[in-house]
Amino acid sequence: MKARHFSPLRFLRSACPCAACGGEPDVMGRCRQANVSYTDQSFELTGWHLVGGYALQLDWADGHNTGLYTYQYLRRIDPARTA
């Protein structure tokens, strides 16, 4: 039986791995930190999609859906494993 892990939605959205939320490197390799603001809708999950066999794409009520949460990334940020 595979292990199941649960993460709060607020935690998942705050850890969104997309470039708009986490920043992205410029041509010199310097990472520009994104300035993200949230509303109550930012933490309401409206759907999700499997991406190949390696990731989940989450749909948030505020329209954001560009983050690909790879299974490796989800294991790395799992609060139960980092505590």
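In this predicted model, Arg10 lies over the face of Phe43, at 3.9 Å from the ring centre. A charge is taken to sit over a ring if NZ of Lys or CZ of Arg is within 6 Å of the ring centre and within 35 degrees of the ring normal. Phe43 is buried, with a relative accessible area of 13%; buried means under 20% relative accessible area, exposed over 50%, and partly exposed in between (1.4 Å probe, protein chains only).

Aromatic rings also pair with one another. Rings of Phe, Tyr and Trp (its six-membered ring) pair if their centres lie within 6.5 Å; planes under 30 degrees apart count as stacked, over 60 as edge-to-face and the rest as tilted. By this rule the count comes to two aromatic pairs, which are set out below.

| Pair | Centre to centre | Angle between planes | Class |
|---|---|---|---|
| Tyr38 and Phe43 | 5.1 Å | 45° | tilted |
| Tyr69 and Tyr73 | 6.3 Å | 50° | tilted |

Tyr38 is partly exposed, with a relative accessible area of 32%, whereas both Tyr69 and Tyr73 are buried.

The protein has four helices and five strands. Helices (H or I, at least four residues) and strands (E, at least two) are DSSP runs, numbered from the N terminus. From that end on, the elements run α-α-β-β-β-β-β-α-α. Three of the strands form an open sheet with the order β3-β4-β5 and antiparallel pairing; two strands pair if DSSP finds at least two bridges between them. Strands β3 (45-51) and β5 (68-70) stand at the edges, each with a single partner strand, so one side of each is left without a neighbour in the sheet. Strand β4 (residues 55-60) pairs with β5 in the antiparallel sense over three bridges, and the bridge partner of Gln57 in β5 is Leu68.

The largest nonpolar core comprises 11 residues in all: Leu12, Ala15, Cys16, Cys18, Cys21, Leu56, Leu58, Trp60, Tyr69, Tyr73 and Ile77. Such a core is a set of buried Ala, Val, Leu, Ile, Met, Phe, Trp, Tyr and Cys residues joined through side-chain atoms within 4.5 Å. Strand β4 and helix α3 (71-77) each supply at least two residues of this core, and β4 gives the most, with three residues. In soluble globular proteins, nonpolar side chains tend to be buried together.

Tyr69 belongs to this core. Leaving aside neighbours within four places in sequence, Tyr69 is in contact (heavy atoms within 4.5 Å) with eleven-residue-core members including Leu12, Ala15 and Trp60. His64 is placed in the loop between β4 and β5 and is buried, with a relative accessible area of 14%. Beyond its neighbours within four places in sequence, His64 is in contact with Arg13, Cys16, Cys18, Cys21, Leu58 and Asp59.

Arg81, in helix α4 (residues 79-82), is exposed, with a relative accessible area of 55%. The C-alpha atoms of Arg81 and Ala20, 61 residues apart along the chain, are separated by 26 Å. Of the 83 residues of the protein, 27% count as buried. The C-alpha atoms fill a box of roughly 45 × 30 × 30 Å, taken along the principal axes.

Residues are numbered from 1 along each chain as its sequence is written, and side-chain values use heavy atoms, with hydrogens and water left out. Because the model is predicted, local features need pLDDT of at least 70 and side-chain atom pairs count only at pLDDT 80 or more, while totals for chains, interfaces and linings use all residues.
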